[in-house]
Amino acid sequence: MASTKFIFGMRDAFFSALYEIFKRDPETVFISADNGAPTLDQFYQNLPNQYFNVGIAEQQLIGMACGMALEGKKVYAYAIAPFITVRCYEQNKVDICAMNLPIVNVGVGAGYAYDIMGPTHHTVEDLTIMRALPNMTVHSPADSYCAEALAEISYRNPGPQYIRFDRAGVPEIYGDGRFNFADGVLLTRPGGSLALVATGIMVHQAIKIADELAKVGVQARVIDLCRIKPVNTERLFEYLKGAERVVTMEEHLLAGGLGGLMAEIFVDNDYRLPLLRIGQNDRYVFDNGGREVIWEKYGLDVRSMTDRILRWIK
Amino acid sequence: MQLEQRQTLERKAHWVRCKVLEMATHAKSGHISSAYSQTELLVALYQGRLMNYNSKNPRWEDRDRFILSKGQGGIGLYPILADVGYLPHSELDNFAGRDNLLGVHAEHHIPGMEIFSGSLGHGLPISTGFAQVGLLRKKDWLVICLLGDAELAEGSNWEAAMFAGSKRLSNLICIVDRNGAGVTGYTDRIEFPCDGPQLNPLDKKFEAFGFDVRTIDGHDFDQIFAALGDIRQRQGKKPLMIIANTHKGKGASIMEDKRLWHYRVPAGEDLAVTRADLGLKPLRTNKRALVDAEQGE
């Protein structure tokens, strides 16, 4: 199951599916902080009473979403990922989560997706801070099939949610129709006693790393934690059964991210497996040249991660 | 306004101030001065019936949506909610106490409260969401948002004001409790470095953002009714901003327009002076004394 062709971006797969929901439910509304997408045009062209642009004003984005949700609307709020999380964090706390409202924050540009735009546009702390908010559900899909499914999943969930999408079209993984995205955790590839647990774009890296490891006789399974909160621990442990070591991979700060989350789950469940956390250390990244340059410089490329895992399991 | 009605509302306002003092001194907490600057505005909206509401059915569909953005004003709103039937008066007696519904900041689980307040700069953005839905559904109800003036330093208000003005949210009625003071400094004059950003010309600012603006004395019932009397028949498409000039701590000489009284509760001699200002009998013991003011009609 190698990562293959470039297709429709996960964001647009989500919006296309969401558009069908919007057509059948006039109580849905979409609010943008002046952020667009090719698949959003049909919303304001055909559903003018369900689409609003507040301008580059994320506090207003969430505040207005709150007022509309309190009047019974199902609200989707949309901005670039760093700005719909960090910029309006208090609104996320006070205006959404504390009142437990049906608002879905859609952020595009997870991790280093906006690579050359610098740390203002990097979103490498969102998993930590968004999962800290009571009532919040956090999704981190890895491909457009998962993203597409999240339209219906998010629509049916009556609580606060945050969905982080990668920026560009990423390759397909889940096209064969056998995955249940509502589970929140996916056994992307079954395999040996080494478990690679990843989320978002890093699931693709994990698949490539599993291929590389297989070449030297190490069999690894790949697990995609596409829902960061709440974690489906029952299914996670089912997929970890038989694993002897676990590696987490995230394009995210290590402080409180996927690896930290896994460590919490292990401790809380008295689950004692060696755990290697791979992610970004405590730093801002000002390097230009693109995402692959960032990966290479900070040990998040396939070669570096493969080597590191091989050293660790020796 | 009829003399009799005004006198009735003035008695209500006096009773609210007495009740606020009682609640705050009992809990040793609460924003008395902030409650005193808004008193007449809230009494006019609730007991004066400028606002449509149904205390027996707080979620009545056709109610006006009242948004208390200055959440610390909760202590001044609770007696009014009790007086008009949203709450039993007994809830006031243990303000902010164990298992009591009423905290320092007004929260959404209190009957009659629409939003979770406490952090400033949230009420106006949220109000635009309510107002937008009201317009979409072609409803007659209004959104009435009470703001503190010092909270206008929060930039979120201006994001919301820009949206409300440009999207012509004509069903949005804002009232600024323009008491001229924040926590440590004034918002209408600079005397010391602790004085904050200056809001004037506040009317021009909101006009520039697309609001109709009316400026009144926020302690004068005649002016409040004149400014709010036509809110259901207004011509034009602009949101309305009422700048209500008030005095922080109105009615209590030790705190009126004085620094340092944003969150102080009087004790000892200060309490004695304040009780005297309100026409209350001196406390004979250290124990809590019940407010003996009439509760009005």
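Predicted model: local features only at pLDDT ≥ 70, side-chain atom pairs only at ≥ 80, totals over all residues.
## Ground rules

Two residues are in contact when their C-beta atoms, placed from the backbone, lie within 7 Å.

Residues are numbered from 1 along each chain as its sequence is written, and chains are lettered from A and ligands numbered from 1 in the order in which they are written.

## Chain A as a whole

Let us begin with chain A, which has twelve helices and twelve strands; these are DSSP runs numbered from the N terminus, helices being H or I with at least four residues and strands being E with at least two. The radius of gyration of chain A is 19 Å, close to the 20 Å that the globule rule gives for 314 residues, so chain A is as compact as a globular protein of that length. That radius is taken over C-alpha atoms, and the rule is 2.2 Å times the number of residues to the power 0.38.

Along the principal axes, the C-alpha atoms of chain A fill a box of roughly 60 × 40 × 35 Å. Buried residues come to 54% of the 314 in chain A. Here a residue is buried if 20 or more other C-beta atoms lie within 10 Å of its own, exposed if 12 or fewer, and partly exposed in between, with C-beta atoms placed from the backbone. Among contacts in chain A between residues at least 6 apart in sequence, 77% join residues at least 24 apart.

## Two places to look in chain A

Helix α10 of chain A covers residues 258-268, and its buried residues are A:Leu258, A:Gly259, A:Gly260, A:Leu261 and A:Met262. Their packing partners in chain A are α6 (126-131), β8 (194-198), β10 (227-229), β11 (245-253) and β12 (275-280). After α10(A) comes A:Asp270, with a positive phi near 50°.

A:Val124 sits in the loop between β4 (103-108) and α6 of chain A. This residue counts as buried because it has 24 C-beta neighbours inside 10 Å. Setting aside neighbours within four places in sequence, A:Val124 is in contact with A:Gly111, A:Glu251, A:His252, A:Leu253 and A:Gln280. A:Ala149 is 25 residues from A:Val124 along the chain, and their C-alpha atoms are separated by 24 Å.

## Chain B as a whole

Chain B has nine helices and five strands. From the N terminus on, the order of elements is α-α-β-α-α-α-β-α-β-α-β-α-β-α. For 297 residues a compact globule would have a radius of gyration near 19 Å, and the 18 Å of chain B agrees.

The C-alpha trace of chain B spans about 60 × 50 × 40 Å along its principal axes. Buried residues make up 52% of the 297 residues in this chain.

## Helix pairs in chain B

Two packed helices are described by the angle between their axes and the distance between the axes. The axes are lines fitted to C-alpha atoms, for helices over the stretch in contact, and angles run from 0 to 180 degrees between N-to-C directions. Angles under 35 degrees count as roughly parallel, over 145 as roughly antiparallel, 65 to 115 as roughly perpendicular and the rest as oblique. A crossing is left-handed if the near helix is turned anticlockwise from the far one by less than a right angle, and right-handed if clockwise.

In chain B, the axes of α5 (residues 123-136) and α6 (residues 155-166) come within 7 Å and cross at roughly 25°. That makes α5(B) roughly parallel to α6(B), and the crossing is left-handed. On the α5(B) side, B:Leu124, B:Pro125 and B:Thr128 take part, meeting α6(B) residues that include B:Ser156, B:Glu159 and B:Phe163.

Helices α2 (residues 32-45) and α8 (residues 221-228) of chain B pack at about 55° with axes 10 Å apart. They are therefore oblique to each other, and α2(B) passes α8(B) in a right-handed crossing. B:Glu40, B:Leu41 and B:Ala44 of α2(B) meet B:Phe221, B:Ile224, B:Phe225 and B:Leu228 of α8(B). By class, this contact has six nonpolar, no polar and one charged residues; Ala, Val, Leu, Ile, Met, Phe, Trp, Tyr, Cys and Pro count as nonpolar, Asp, Glu, Lys and Arg as charged, and the others, Gly among them, as polar.

## Where the chains meet

The contact between the chains takes 19 residues from chain A and 18 residues from chain B. On the side of chain A that touches chain B, α3 (58-70) and α5 (89-97) are the elements giving two or more residues. α3(A) gives the most, with nine residues. That side of chain A has ten nonpolar, five polar and four charged residues.
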